[in-house]
Amino acid sequence: MKKLYALSLIAVFAFGLAACGVARADTPATHYNVSIWNSLTHAYPVAGSMDLRFHADGIVDGYYHPAGLPSFVPITGGRDGDHIWLTIGNSGGWQLNGSFRDGKIVGTAVDESPGPDNNIGRFGAPVDLANAAPLYSFTATPV
């Protein structure tokens, strides 16, 4: 009897995980064109597109595709009402914090790439502004 109980618990757990995976896989992706620019110099250091999936539990995931490159950079994040936060990349990368306005996502962006050779320095922000986090803005427009 104990073996049957243990096997039934394992089966329920396994089917529960499978059901969660099916629900996540069936969530359609929304495609956005995204641009990130320096709020002071208006230089456009980053452009590309994102495919985002919005799940009922508030989790957001998907991929970022840099302009002109066949890359799939993972995106993780969350959503609470009109507020959304996203991390592009696995270690470091861009942190986006925004809200939905007229179908677009708009907000601020922070480059958290490790080391002195991060995107902010590489794309020509003045040295004294290179570590000023709120100086980047972004817009993601649905396609």
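Which residue forms a salt bridge with R53, and how far apart are the closest N and O atoms? I began there. I kept in mind that this is a predicted model.

**Entry 1: the charged pair**

I found that R53 forms a salt bridge with D61. The closest N and O atoms are 3.0 Å apart. I then looked up the total for the model, and the count comes to one salt bridge. Side chains of opposite charge can pair when their charged atoms come close.

Next I checked accessibility at both ends. R53 has a relative accessibility of 24%, so I noted R53 as partly exposed. D61 has 17%, and because buried means under 20%, D61 counts as buried.

**Entry 2: the barrel**

I turned to the strands. Eight of them form a closed barrel, in the order β1-β2-β3-β4-β5-β6-β7-β8. The pairing is antiparallel. Neighbouring strands of this sheet are turned by 30° against each other on average, with direction ignored.

Strand β7 covers residues 104-111, and strand β8 covers residues 136-142. The two run antiparallel and are joined by five bridges. I also noted that V106 stands opposite T139 in β8. Strands of a sheet pair through backbone hydrogen bonds, either parallel or antiparallel.

**Entry 3: N97**

I moved on to strand β6, residues 94-101, where N97 is found. Is N97 buried, exposed or partly exposed? Its relative accessibility is 37%, so N97 counts as partly exposed.

I listed the contacts of N97, leaving aside neighbours within four places in sequence. They are H83, I84, W85, G107, T108 and F138. With H83 there is a polar contact, side chain to side chain, at 2.6 Å. N97 and F138 are 41 residues apart along the chain. Their C-alpha atoms are separated by 9.0 Å.

**Entry 4: aromatic rings**

Last, I searched the whole structure for aromatic pairs, and the search finds three. One of them is Y63 with F72.

Y63 has a relative accessible area of 40%, so I wrote Y63 down as partly exposed. F72 has 59% relative accessibility, and because exposed means over 50%, F72 counts as exposed.

Note on methods:
Residues are numbered from 1 along each chain as its sequence is written. This is a predicted model: local features need pLDDT of at least 70, side-chain atom pairs count only at pLDDT 80 or more; totals for chains, interfaces and linings use all residues. Side-chain values use heavy atoms; hydrogens and water are left out. Helices (H or I, at least four residues) and strands (E, at least two) are DSSP runs, numbered from the N terminus. Buried means under 20% relative accessible area, exposed over 50%, partly exposed in between (1.4 Å probe, protein chains only). Contact means heavy atoms within 4.5 Å. A polar contact is a pair of N or O atoms within 3.5 Å; within protein, one must be able to donate a hydrogen and the other to accept it, and residues adjacent in sequence count only if both atoms are side-chain atoms. A salt bridge is a side-chain nitrogen of Lys or Arg within 4 Å of a carboxyl oxygen of Asp or Glu. Two strands pair if DSSP finds at least two bridges between them. Axes are lines fitted to C-alpha atoms, for helices over the stretch in contact, and angles run from 0 to 180 degrees between N-to-C directions. Rings of Phe, Tyr and Trp (its six-membered ring) pair if their centres lie within 6.5 Å; planes under 30 degrees apart count as stacked, over 60 as edge-to-face and the rest as tilted.
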